[in-house]
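This briefing covers a sheet, a helix pair and a set of salt bridges. Please keep the structure in view while reading.

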Amino acid sequence: MNEPALHPTPADDSPHALKRGPVAYKAISSYGIIGDMRSAALIGIDGSIDWCCFPRFDSGSVFAAILDDRLGGRMQIVPVQPYTAAHRYLPLTNILVTSFHTRRQTGVVEITDFMPVPPLENVIAEPHEIHRRIRGLRGDVELDIIFEPRFDYGRAETAVVRQEHGVHATSGSEDIILAAPPGTPWKIDAASGRAVARVAVKAGDSLWIVLRYDATSVEHVASYQSAAKLENTADFWDRWARGTTYEGPYRAEVERSALALKLMFYTPTGAVVAAPTTSLPEEIGGVRNWDYRYSWIRDASFTLSAFHLLGHHDEANAYMRYLLWIARKADHLQIMYGIGGESELQESELAHLEGYRGSGPVRIGNGAYNQRQLDVYGELIGSAYLWHDNGDVSDEVWELLKSIIDLVATSWREADHGIWEIRREPRHYVHSKLMCWVALDRGVKFADRRTDSELAARWAGQRDAVYADIMERGWSEEKQAFVQHYGTSALDAANLLMPVVGFLPGDHPRVRATIKATLNELMRDGMLFRYLNEDGLPGDEGIFGICSFWLADALILSGDLAHGERVFRRMLRWANPLDLYSEEIDPRTGDFLGNFPQAFTHIALINTAHLLEMARQTGGRAQEDFLVEPSGNKP
């Protein structure tokens, strides 16, 4: 297997910088993420904040150099001399530390970055802040502080003005301030909306830089109480991470995935974003660039299932409140919503931005919001069934779930666009039928628990009809595998979920045959493509990380624990140095592709680690449907 590509530690002349003419783009894998569960920022290994949107995940960007190195805007703290660099998180936190070792001096300096998490009672009103601590560890280091915000994806004119204690930037309707130590020698370029200062740091020095999304004047940097907020933020993340119940050999990777997923919750409403970024390409130079800063019912349901396995249940309560809020004001349930409950997510292109490494178009909004994707109902009902294990479902929640299951019972025979949101005519996707089966099967269990035998019988009849339909029309004798949709011989990695959700036992001949066919047809360099047939869009894409974890799950459930763990461990090697994943990976180079970090991939890692531990505890046999039915709780 090819080793992952080296992650860049760049000066401008670094061979690991990704260049396009005079413009250099860092590898997607060279970023870390910080956030306050309202928004997030991507920080490169060169100390540059290259992506950040305020005041919400889906707001216009303030920094977007990752999508256009010239026009996007950034806030960077970087040594003047050539350097090497490394990233790490403080243990059990989302506090990022970047260490710089200068090459021509013996200097070492580190930057600590975090966003304070606001108290729940003030979650909307509290201004967003990014605190950046610069500490000299050895020798003397000169650093440049570069501040060039670009509001509204660079579409708004930005005025940058020096004030007594720092710099104020405004577009007229938005403001951001930068507080710095007294005497910081700012140079303002009013024409370009840019402020730059050079500071010298020696061993033992510690100074703070604070960014605040606020219209107030810049105050003395000490007034922002950075040291106290650092301690409080570390305590918050440490307490939350220590609530994780997984105790297996992959605890470090599971904790990091859980912490990354927690950053994708939007606390004011309980929504969960699929990723905090937009338009990072699935192929360099290609057009498969999508906005993932919205709440997919599928992705959120998978996230809550993973959190259930880890013992974090508050998030499920918040998300169910979010769904109820949406359901009260909607006449039907969409596949995704805005994090504020918005139902229209019109897609448009930002033609003035070139896109990551020239990969346009840059898109905001997502035109798939009005697609029909029947699988989302199964994922939602499956997660709700897990949630139900921790307490009674209220009558209001039950009425919502019942209406969804009734909808599945009457619509499962219809075609849809499938889990991968293929932008062509609807088809009868096997995975969609599978998840309709899940919705009905868990519906039967719900009804049994509520002693509603009439409802249970009605849903059971439809569940059995779905099962028969998949077994007859979704199976290819010629291919000896379940196929992507009825009438094709193409395969789809999503069908590996059949034993995971309990549709068939892991050792069923058709499951084992599908695993074998999937390995033969979709695997490259130890990882799986989601499918390889034509999907109506030009160009290619990378390998989906989630699919390889699904393969590991299917192997474990088929009884091949050793092979499943090998697949899992191989996937761990493709993480970046911070144990983060994007949506896809280029199998030729190990480069990250797609939006980052991607919830799907981290969810799958948690699920597989949990399944491996279950298999060890049961002598090599793991329980089917572990994602949707708690162990020992079958009705």
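Two strands are taken to pair if DSSP finds at least two bridges between them. Strands β14 (residues 166-170) and β15 run antiparallel and are joined by 5 bridges. The model is predicted.

**The sheet**

- The order β8-β9-β10-β11-β18-β15-β14-β13 describes an open sheet of 8 strands with antiparallel pairing.
- β8 (83-89) and β13 (159-163) each have a single partner strand and stand at the edges, so one side of each lacks a neighbour in the sheet.
- From one strand to the next, the twist averages 15°.
- Helix α2 (residues 226-241) packs on this sheet and touches β10 (108-114), β11 (128-138) and β18. The direction of α2 makes about 70° with that of β10.

**Strand β15 and its partners**

- β14 and β15 form a hairpin with 4 residues between them, and Gly-172 in the turn has a positive phi of about 100°.
- Across this pairing, Ala-169 has Ile-176 of β15 as its bridge partner.
- On the β18 side, 3 bridges join β15 (residues 175-179) to β18 (residues 206-213), and the two strands run antiparallel.
- Ile-177 has Arg-212 of β18 as its bridge partner, and Leu-178 has Leu-211 of β18.
- In a regular strand, side chains alternate between the two faces of the sheet.
- In β15, Asp-175, Ile-177 and Ala-179 are on one side, Ile-176 and Leu-178 are on the other, and all are buried, so that both faces are covered.
- With 5 of its 5 residues buried, β15 is largely enclosed by the rest of the structure.

**Salt bridges**

- Side chains of opposite charge can pair when their charged atoms come close.
- There are 46 salt bridges in the structure.
- Arg-212 forms one of them with Glu-129, with the closest N and O atoms 2.3 Å apart. Arg-212 is in strand β18 and Glu-129 in strand β11, 83 residues apart, and the pair links distant parts of the chain.
- Arg-212 counts as buried at 17% relative accessibility, and Glu-129 is buried with a relative accessible area of 4%.
- Glu-282 and Arg-530 meet through their side chains in a salt bridge (4.0 Å, N to O). Glu-282 lies in the loop between β20 (271-272) and β21 (295-296) and Arg-530 in the loop between β28 (527-528) and β29 (543-544), so this pair ties together parts 248 residues apart in sequence.
- Both Glu-282 and Arg-530 are buried.
- Another salt bridge brings together the side chains of Glu-354 and Arg-70 (3.9 Å, N to O). Glu-354 lies in the loop between β23 (348-349) and β24 (363-364) and Arg-70 in the loop between β6 (61-63) and β7 (74-79), so the pair ties together parts 284 residues apart in sequence.
- Glu-354 counts as buried at 16% relative accessibility, whereas Arg-70 is partly exposed at 49%.

**Helices α7 and α9**

- Helix α7 (residues 395-411) packs against helix α9 (residues 453-473) at an angle of about 35°, and their axes are 10 Å apart.
- The crossing of α7 past α9 is left-handed.
- α7 contributes Trp-398, Lys-402, Ile-405, Asp-406 and Ala-409 to the contact, and α9 contributes Leu-455, Arg-458, Trp-459 and Gln-462.
- These contact residues divide into 5 nonpolar, 1 polar and 3 charged.

Terms used:
Residues numbered from 1 in each chain as written. Predicted model: local features only at pLDDT ≥ 70, side-chain atom pairs only at ≥ 80, totals over all residues. Heavy atoms only, no water. Axes fitted to C-alpha atoms, helices over the stretch in contact; angles between N-to-C directions. Left-handed = near helix turned anticlockwise from the far one by under 90°. Contact = heavy atoms within 4.5 Å. Nonpolar A, V, L, I, M, F, W, Y, C, P; charged D, E, K, R; others polar. Buried < 20%, exposed > 50% of the residue type's maximum accessible area, 1.4 Å probe, protein only.
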